[in-house]
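Here's a quick tour for anyone meeting this structure for the first time. Have a look at the sequence and the model, then read on.

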Amino acid sequence: MTATTTSKSHTSIRTRFAPSPTGYLHIGGLRTALYSFLFARHHDGGFYLRIEDTDRSRYVAGAEEKLQESLKWAGLTWDNPEIIFQSQHLSIYKKYAEQLVSEKKAYPCFCSPEELDSMRKEQQAKKMAPKYDRRCLHLSPQEVKQKIVTGEAHVIRFLIPNEEIVQVEYTDAIRGKVGFRTELLDDQVILKSDGFPTYHLASVIDDHVMQISHVIRGEEWLPSTPKHILLYRAFGWEVPVFAHLPLLLNPDRSKLSKRQGDVAVEDYVQKGYLKEAILNFVALLGWNPGKGSEKEIFSLEELVKNFSLEQVNKAGAIFDIKRLDWMNGEYIKRMPIDELYKKVQPWMSKYPEVGEEYWKRVLAIEQDRLDRLDQIGEKNPFLFVDPEYNSTLLRWKDMDDKILREMLEKAHAMIQNIPKENWDREKLGEIFLAEAGERRGEFLWPLRVSLTGAKQSPPPQDIAWVIGKEATLKRIHIAILLIS
RNA sequence: GCCGCGUUCGUCUAGCCCGGUCAGGACGCCAGGUUCUCAUCCUGGAAAUCAUGGGUUCGAAUCCCAUACGCGGUACCA
C-alpha cells in the first residue's frame, strides 16, 4: 500500500521557528524565520519560537539570548511568552518513545557506536546503502529485559513500517509531490542513550503539541521528512503541511558558510546594515510576489501582505553582497535625518565630538553617498579636521596663480558678506552659484579644494554649510597663503 | 555508492500550473546627460540559443522522457 499525505485546509495557521542554539543567528536562519513569520502573519496565524537544544555536546553558553536578541532586532516577534526549550521536556519525549516501544513501533537498541561504525563500513565496502540491520530488533524479550536490568546503555529506534508501507508521498507546499520508498529508510534513533531525544522525535512531538499547521524549514530536512511523516502516523496524529526552503549559497554555489563571508546576523548589524534592508534583501532571495510585479523595496508590512509559499523558488540563491549594499543604500536615502542620526550612533565615536546639530548636517550631505552606516565620515575627513593638501591641487585645469588668488579672495569676500540667517544649505548653494556666474569651474574648484583638500568631495556650499562660516573663512585664508 | 531536490542574463528573479508578446524587471557593468569634482538623479546599452539531447505539437522556457552538472541527505548533529 501507499501512504499518501495531502495537505488539507487548516482553520488556524501556526508556524514556528526552531533553531538549535549554535551561538548566533545564521542569516539563512533569519530567512527561514522571516518566511515562517510572514506566512503566519499573512494568514492572521501564530508564529512561535522553540529552541532545539537536544544535543548536549554542542551546548553553547548564551546562545539562546543571542538568538532572541537578533530575532527581536529584526522585529520578528513570536507569540509564546515562554520560549520552549526542548531540553526541559525530556520526560515527555521519553513517555512517547516508550509508548511506541510498547506498541512495537519502536525498539531498544544496544549496539555501541563502534559496532555501528564497523557495520556501516562493511556495508559501504559491499556498496550497500548504510542502514541499521535491525540486529537488536530480533533480541528475545528475555535478553532485552536482562540487558536493561543490568543497566546496559541503549537507544530507542523507530521501526520503519516498510512491510506495510512501501512508499511515502506527500505534497510539499513549495516543491509539490515528493516520494520516498520506505525500504531505503533507516530505523532512526529517536531517543539517545543519555535520555535526550533526537531532532526527529522531539520536533514531531513538539510540532504536534504546539499544533503547528505548517512546518517551514530548510531543504536539508527534505530527506528526513518521510521518517517524520511515519512518526506522525505511528502516533495517529495529523500530519502538518511541510514547506522546504531552498538554501542560501556562497558565490561558488556551496551552502552559505562562514569561510566565505559573514553568516551571523550580528555581523551585518555591526557593518551598518539596516534591518529593513536585510529583511527586504533576504526575503527576495528565493521569493518574489510574482504576477509581473517589478517592485523591489518592501516593508515588513508589505511582505506580510504579499507573501505566499507558492511564490517561493525551488533553487538555491547566491547571497550577493553587492545587491544588499544597494538595497541598504536605498533605505538610508529614504530615512529621515533624525532617524539616521539615531542609527549612526555606534560609529560616531571615532570622530571628534561635534554635537548633534553638526552631525545632522554631516549626515544630510552624506546620506546619498552611503551604502552602510559604518561608512559615515569615511570619505569626508575634512568635515572634522582641517585638510592638508598640495597647493597645486587648488588649480582648476591650467589656471594661473593670479586668477586662482583672485577667485579665492572673491570667495572669501562673498562668504564674509553672508549673514548668519542665510547660512543654510539651500541658500548657500544659490549664493555660491550666483557668485560663480559663468566661471563655475574656476570659482568652485579652488574653493572646494580649499575646504576639503580632496579631488573628490561634496560641493563647496555643502562643506561650508557643515563646518560653518568661521571655519570656512579660515580654510580659504590658508589656501590663499599657500599659493604664494 | 545509494536516495532526494534543483537547473531562465555574471547575480537576484518574472514568465512555467492554464503552450503562441523582440524572454520582462532589479543589482552589477559600460556609455551619455545633469555637474567644479564625487555621490545622487535621468537616459541608453551590452548581457540568458530558457543546462543538454530527444519527443508531443502548426507552434515549447512553458507538457513528457533521458542525460549532464550542481546541491542536500545518508550520525546516539541539528
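Let's start at the RNA: 66 residues surround RNA strand B, and the closest are Glu52, Gly290, Ala315, Arg440 and Pro459. A residue is near a strand if its C-beta atom, placed from the backbone, lies within 6 Å of it. Keep in mind that this is a predicted model, where local features need pLDDT of at least 70, side-chain atom pairs count only at pLDDT 80 or more, and totals for chains, interfaces and linings use all residues. Residues are numbered from 1 along each chain as its sequence is written, while chains are lettered from A and ligands numbered from 1 in the order in which they are written.

**The surface near the RNA**

- The residues of this surface split into 25 nonpolar, 17 polar and 24 charged. Here Ala, Val, Leu, Ile, Met, Phe, Trp, Tyr, Cys and Pro count as nonpolar, Asp, Glu, Lys and Arg as charged, and the others, Gly among them, as polar.
- Helices (H or I, at least four residues) and strands (E, at least two) are DSSP runs, numbered from the N terminus.
- The largest share, five residues, comes from α16.

**α16 and its partner α17**

- α16 packs with helix α17 (residues 460-467) at an angle of about 35 degrees, and their axes are 9 Å apart. Axes are lines fitted to C-alpha atoms, for helices over the stretch in contact, and angles run from 0 to 180 degrees between N-to-C directions.
- Leu444, Leu447, Arg448, Leu451 and Thr452 in α16 meet Pro460, Ile463 and Ala464 in α17. Two residues are in contact if their C-beta atoms, placed from the backbone, lie within 7 Å.
- By class, that contact has six nonpolar, one polar and one charged residues.

**Helix α6 and its cover**

- In α6 (residues 199-209), Leu201, Ala202, Ser203, Val204, Ile205, Asp206 and Asp207 are buried. Buried means that 20 or more other C-beta atoms lie within 10 Å of a residue's own, exposed means 12 or fewer, and partly exposed is in between, with C-beta atoms placed from the backbone.
- What covers these buried residues includes β3 (46-51), β4 (84-85), α3 (90-102), β9 (189-191), β10 (214-218) and α7 (225-235).
- After α6 comes Gln211, which has a positive phi, near 55 degrees.

**Strands to look for**

- β9 also belongs to an open sheet of three strands, in the order β5-β6-β9, with antiparallel pairing. Two strands pair if DSSP finds at least two bridges between them.
- The edge strands are β5 (106-109) and β9, each pairing on one side only.
- Strand β6 (residues 155-158) and β9 pair over two bridges, and Arg157 stands opposite Val189 in β9.
- β10 and β11 run parallel and are joined by five bridges, with His214 opposite Val241 in β11.
- In strand β11 (residues 241-245), five of its five residues are buried. Val241, Ala243 and Leu245 point one way, while Phe242 and His244 point the other way.

- Ile278 sits in helix α9 (residues 275-283). Why does Ile278 count as buried? Because 23 other C-beta atoms lie within 10 Å.
- Leaving aside its neighbours within four places in sequence, Ile278 is in contact with Tyr268 and Tyr273.
- The C-alpha atoms of Ile278 and Val265 are separated by 8.9 Å, and these residues are 13 apart along the chain.
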